[in-house]
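This report describes selected local features of one protein model. The sequence and structure are shown first, and the description follows.

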Amino acid sequence: MSTLTPLADPKQASFYDVVSTRRSVRRFTKTPISDEVLNACLDMAMLAPSSSNLQPWQFFVIESEEKRQKTVTYCMSQNAAKTANKLIVVVARTDTWRQHAKDNIKYFPVKPVPKPVQDYYGKLIPLTMTRGVMNVFTPAKWALTQATRKVKGAMVDPIYDADDLKN
């Protein structure tokens, strides 16, 4: 049992309860999971933060018995995979960053979109994420980054103020 003290704020206490009572489950019952619960869990998973808010992932729910059994072998036949009645496969999508960067500008909540945001997603993200065939651009980008830091120093000013960060 945890030695942490529960928090007084109801929201913090609820989160504390979730974290402090969670267990790693290795064998599941045959109790079905409703689509409503599964979809709510996937919705929450998709809200997880990611670097530059690019969400480079895709979720696949495996429900058919045939596909589930095949996937279990990829999971080294672990009990958790063998006994689950649905499996969720999370795939890293390193090919979606361009569209997601454009979407972050398009759907930015403040109009007109601030110039630093436009520059970040329109210039810096493409510069940092473009690798080239067999990563040919990587050494040049590293050298450019080092040279820029020597001249300008590391970026220390935040784009957002404290209230923006809370939101």
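## Surroundings of Ile 33

Apart from its neighbours within four places in sequence, Ile 33 is in contact (heavy atoms within 4.5 Å) with Leu 38, Asn 85 and Lys 86. The model is predicted: local features need pLDDT of at least 70, side-chain atom pairs count only at pLDDT 80 or more, and totals for chains, interfaces and linings use all residues. Residues are numbered from 1 along each chain as its sequence is written, and side-chain values use heavy atoms, with hydrogens and water left out.

Ile 33 lies in the loop between helix H1 (10-21) and helix H2 (35-46); helices are DSSP runs of H or I with at least four residues, numbered from the N terminus. Ile 33 and Ala 84 are 51 residues apart in sequence, and their C-alpha atoms are 9.9 Å apart in space.

## Helix H5 and Asn 104

In helix H5 (residues 97-106), the buried residues are Trp 97, Ala 101 and Asn 104. They lie on the same side of H5 because they cover an arc of only 60° around the axis, the arc being that of the directions from the helix axis to the C-beta atoms. An α-helix has 3.6 residues a turn, so residues three or four places apart point the same way. Lys 102 and Lys 106 are exposed residues on the face of H5 turned away from its buried side. Helix H6 (115-129) is included in what covers the buried residues of H5.

Asn 104 is in contact with Ser 52, Asn 53, Leu 54 and Tyr 121, leaving aside its neighbours within four places in sequence. The side chain of Asn 104 reaches the backbone oxygen of Asn 53 at 3.1 Å.

## Aromatic pair and accessibility

Rings of Phe, Tyr and Trp (its six-membered ring) pair if their centres lie within 6.5 Å; planes under 30 degrees apart count as stacked, over 60 as edge-to-face and the rest as tilted. By this rule the count comes to one aromatic pair. Tyr 120 and Tyr 121 form this edge-to-face pair, with 5.0 Å centre to centre and 85° between the planes.

The table uses relative accessible area: buried is under 20%, exposed over 50%, and partly exposed in between (1.4 Å probe, protein chains only).

| Residue | Relative accessibility | Class |
|---|---|---|
| Ile 33 | 36% | partly exposed |
| Cys 41 | 42% | partly exposed |
| Cys 75 | 26% | partly exposed |
| Asn 104 | 15% | buried |
| Tyr 120 | 25% | partly exposed |
| Tyr 121 | 11% | buried |

A search of the whole structure finds zero disulfides, a disulfide being a pair of cysteine sulfur atoms within 2.5 Å.

Terms used
Helices (H or I, at least four residues) and strands (E, at least two) are DSSP runs, numbered from the N terminus. A polar contact is a pair of N or O atoms within 3.5 Å; within protein, one must be able to donate a hydrogen and the other to accept it, and residues adjacent in sequence count only if both atoms are side-chain atoms.
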